[in-house]
Amino acid sequence: MKHRILEAAKTLAHKEGRASHLDASIMAASGACTEEEFAAAFADVGEFRRELMALLFADARMQVIRITTAIPSGLEQARSAFIQYLDYNLEYPALQEIAHQLQFDPLGYEMLMRMEIGTAMVTQKDLEFAGANHVHARARLLTSVAVAVVRAEYKAGKKLPDLRAVLEEYCGVSCNDTPESPLGD
């Protein structure tokens with residue numbers, strides 16, 4: 001039942017472009033469940049929204065993986081993954097809308113931080129493969145820059161080419177595919 005409710009919520013969130021307003025009454029009104037079924041599946045609306053955010057992030061991650069798996073590990077794959085993630089968030093704004101709301105929820109914030117750490121770890125592997133230096137710090141900074149660009153584009157509701165250019169510059173992709181640092185190291 002929990003899975004069915006979350007899948008219906010995901011569909012509704014993508015349709016409406018937002019997710020943080022979804023609750024038992026809205027899910028019941030949509031025909032996804034009764035309010036009793038909702039209460040049996042989730043301890044409270046906060047748990048429901050956190051699980052919905054996790055599902056939306058998992059969908060974004062799978063979309064990025066599908067698109068980037070054909071690209072060899074390294075800087076180009078990292079750059080492409082970040083750009084695909086930015087594009088996904090513009091296409092499905094409900095993800096950033098609910099993330100923005102849940103950043104003020106202690107458990108939601110913890111989830112967001114773990115997701116950011118996971119992204120940095122994947123990025124670190126691409127940087128190691130490319131032979132970049134300071135891979136741990138570079139991966140953390142790249143991930144933080146990507147998160148900042150995602151948030152800015154969410155607020156603007158459109159691509160922000162200047163910010164994307166800076167993110168790509170920070171990825172260190174040069175015309176000859178060698179790592180470069182905007183910090184000069």
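Predicted model: local features only at pLDDT ≥ 70, side-chain atom pairs only at ≥ 80, totals over all residues.
Where is Asp105 found?

1. Asp105 lies in the loop between helix H6 (94-102) and helix H7 (106-130). With a relative accessible area of 21%, Asp105 is partly exposed. The cut-off for buried is under 20%, so a value of 21% places Asp105 in the partly exposed class.

2. The side chain of Asp105 reaches the backbone nitrogen of Gly108 at 2.6 Å.

3. The buried residues are Ala94, Leu95, Gln96, Glu97, Ile98, Ala99 and Leu102. Their cover includes helix H1 (2-16), H4, H5, H7 and H8.

4. Helix H4 (residues 45-68) and helix H5 (residues 75-91) have axes that come within 9 Å and cross at roughly 135 degrees. The two helices are therefore oblique to each other, and their crossing is right-handed. On the H4 side the contact is made by Leu56, Phe57, Asp59, Ala60, Gln63, Val64, Ile67 and Thr68. H5 contributes Gln77, Ser80, Ala81, Gln84, Tyr85 and Tyr88. By class, the contact of H4 with H5 has eight nonpolar, five polar and one charged residues.

5. H5 also packs against helix H8 (residues 135-156): the axes come within 10 Å and cross at roughly 25 degrees. That angle makes H5 roughly parallel to H8, since angles under 35 degrees count as such. The crossing of H5 and H8 is right-handed. From H5, the contact involves Phe82, Tyr85, Leu86, Asn89 and Leu90. From H8, Leu142, Thr143, Ala146, Val149, Val150 and Glu153 take part. Sorted by class, the contact of H5 with H8 has eight nonpolar, two polar and one charged residues.

6. Tyr85 of H5 deserves a note: the residue is listed in the contact with H4 and again in the contact with H8. Which class has eight residues in the contact of H5 with H8? The nonpolar class does, and the contact of H4 with H5 likewise has eight nonpolar residues.

Technical notes: Residues numbered from 1 in each chain as written. Heavy atoms only, no water. Axes fitted to C-alpha atoms, helices over the stretch in contact; angles between N-to-C directions. Helix = DSSP H or I, 4+ residues; strand = E, 2+ residues; numbered from the N terminus. Parallel < 35°, antiparallel > 145°, perpendicular 65-115°, else oblique. Left-handed = near helix turned anticlockwise from the far one by under 90°. Contact = heavy atoms within 4.5 Å. Nonpolar A, V, L, I, M, F, W, Y, C, P; charged D, E, K, R; others polar. Buried < 20%, exposed > 50% of the residue type's maximum accessible area, 1.4 Å probe, protein only. Polar contact = N/O pair within 3.5 Å; in protein donor to acceptor, adjacent residues only side chain to side chain.
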